[in-house]
Amino acid sequence: MSVKISVKGQATAPGSLAEVLKGVKLKLVTISGKGGVGKSLVTTSLALGFAMRGYKVGILDGDVYGPTVPKMLGVSNSMLYVDEKSGKIIPVTGPLGIKVVSIEFALPSDDTAVIWRAPLVNQALRDFIAQVDWGSLDVLVVDLPPGTGDAPLTIAQSLQGGLDGSVVVTIPTDISRRIVLKAIDFSRKLNIKVAGVVENMCCFKCPDNGKLYYIFGKDAGRKIAESSGVPFLGGIPIDPDLSQYLDSGRLHEFLASENETAKAILEVVDKLIEMYKDKLQQPIEAEKKPRRISLLKLPGEEEGGNS
Ligand SMILES: Nc1ncnc2c1ncn2[C@@H]1O[C@H](COP(=O)(O)OP(=O)(O)OP(=O)(O)O)[C@@H](O)[C@H]1O
C-alpha cells in the first residue's frame, strides 16, 4: 500500500530528505515516552522562543494522531498549499513568521480522527516530510508522536542523520521516570544526541499568590537527567495562565509577557542556543521566489491518492 499526497490529481514524488532539509541549520526533535506530558507545548514553545530570539524557525507537527501545534499557534483554520511547479508543500506562516506544517491542516475538521493503520501512517509521514519546501531556516523543531513505537520511529528514521538533538519531555512521577529512560534510550539507539530533559508540570503555580507548589516532589527531572548523563534543560510549572493562552492560540503572547513561567520556558531556549551556537552562527539568506499554488489534498481525496 502506498500513499501519495497529491495536487489536483497529480501525485508528486517525494524528494530526498537531505535535499529537503539542506537549508536548515539546526534540527531538533521533541520526544516523550508517553502521551499528554506536554510535548507539543514544549515543541511549540521552543519554536516561538527561537523566533523571539531572532532566528528563522520551522515547526513540523509529526504527531499525526493528536496534532495540537496549530491550535497552540492560533493557525488551526489554515490550509496547506502546494507549489505547482516544484510539487512541494508550502508551510503555513504562523506567529513571528514561523513556518508550520501539520497533518491537521489537511483534515476536514478539528474533530476528524486520523485512523490510519501503521503502514499507511509510516508511508504518509515519509512522503509528507520529504515534500515540504522549508527553504532556509535556522531551526526546525519536530514534534514526534508520543511513545517509542512505530510512528515516532518512522519520523525519526526518516530524518536520521539530519537530526542534531532530541529534547526529552517528562513529568515528575515515578512511572514517567521509567518512560523517560526509554525515550533517552530510543534517541541514543537512533544516534540522535540527547540535548536534554525538560520537566513539564514540575510544580503548580498558584494563581492566587504566584507561589510554586511541588506537588509531585522536587527535582525529579533533574535527577533523571543526571542519572542518565544528559543535561537538564529546566522545569515548566502547571500554570493556569499558560493554559488559557494555549487554549486561545496565543502562546506567543504568553511567552512575550512578564510571566515567570514564560521566563522559565525561555531559559530552556537560551540553553539550547548556547549548546548549538556553532551551528546557529552561520548566516542564512532569506529567499523570495514567485510561485503558483494549489490546495493540498489528503490521501484518498483525489483519484490516484490511495493505491
Ligand atoms: N505546564 C502546563 N501548564 C498548563 N497547561 C499545560 C501545561 N502543559 C501542558 N498543558 C496542557 O495539557 C494538555 C496536553 O499538552 P500537550 O498537547 O502539549 O501534550 P502532549 O504530550 O503533546 O500530548 P500528546 O503527545 O498525547 O498529543 C494541553 O491541553 C496543554 O494545554
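These notebook entries record what I looked up in a predicted model of one protein.

**Overall make-up**

I began with the secondary structure and found 11 helices and 14 strands in the protein. I then looked up burial: of the 307 residues, 49% count as buried. I also looked at sequence separation in the contacts. Among contacts between residues at least 6 apart in sequence, 80% join residues at least 24 apart.

**Annotated binding site**

I consulted the UniProt record next. Its unreviewed entry carries the annotation "binding site" for Gly-33, Lys-34, Gly-35, Gly-36, Val-37, Gly-38, Lys-39 and Ser-40.

I located Gly-38 in the loop that runs between strand S3 (24-31) and H2. Gly-38 has 21 C-beta neighbours inside 10 Å and therefore counts as buried, the threshold being 20 or more. Leaving aside residues up to four places away in sequence, I listed Val-169, Asn-200 and Met-201 as the contacts of Gly-38.

I placed Lys-39 in helix H2. Is Lys-39 buried or exposed? I counted 28 C-beta neighbours inside 10 Å, so Lys-39 is classed as buried. With residues up to four places away in sequence again left out, Lys-39 touches Thr-30, Ser-32, Asp-143, Pro-146 and Val-169.

**Surroundings of the ligand**

I then examined the shell around the ligand. Of its 20 residues, Gly-35, Gly-38, Lys-39, Ser-40 and Gly-66 come nearest. Two or more residues of the shell come from each of H2, strand S11 (194-205), strand S13 (232-238) and helix H8 (240-247). Sorting the shell by class, I recorded 8 nonpolar, 9 polar and 3 charged residues.

**Packing of H2 against H10**

Finally I followed H2 to a helix that it packs against. Helix H2 (residues 39-52) and helix H10 (residues 260-275) pack at an angle of about 75°, and their axes lie 9 Å apart. The two helices, H2 and H10, are therefore roughly perpendicular to each other; the range for that term is 65 to 115 degrees.

Which residues of H2 meet H10? I found Ser-45, Leu-46, Gly-49 and Phe-50 on the H2 side, facing Ile-265, Leu-266 and Val-269 in H10. By class, the residues of this contact of H2 with H10 comprise 5 nonpolar, 2 polar and no charged.

Definitions and conventions. Residues are numbered from 1 along each chain as its sequence is written. This is a predicted model: local features need pLDDT of at least 70, side-chain atom pairs count only at pLDDT 80 or more; totals for chains, interfaces and linings use all residues. Axes are lines fitted to C-alpha atoms, for helices over the stretch in contact, and angles run from 0 to 180 degrees between N-to-C directions. Helices (H or I, at least four residues) and strands (E, at least two) are DSSP runs, numbered from the N terminus. Angles under 35 degrees count as roughly parallel, over 145 as roughly antiparallel, 65 to 115 as roughly perpendicular and the rest as oblique. Two residues are in contact if their C-beta atoms, placed from the backbone, lie within 7 Å. Ala, Val, Leu, Ile, Met, Phe, Trp, Tyr, Cys and Pro count as nonpolar, Asp, Glu, Lys and Arg as charged, and the others, Gly among them, as polar. UniProt positions are given in the numbering used here, feature names are shortened, and annotations may be inferred rather than shown by experiment. A residue is buried if 20 or more other C-beta atoms lie within 10 Å of its own, exposed if 12 or fewer, and partly exposed in between; C-beta atoms are placed from the backbone. A residue is near a molecule or strand if its C-beta atom, placed from the backbone, lies within 6 Å of it.
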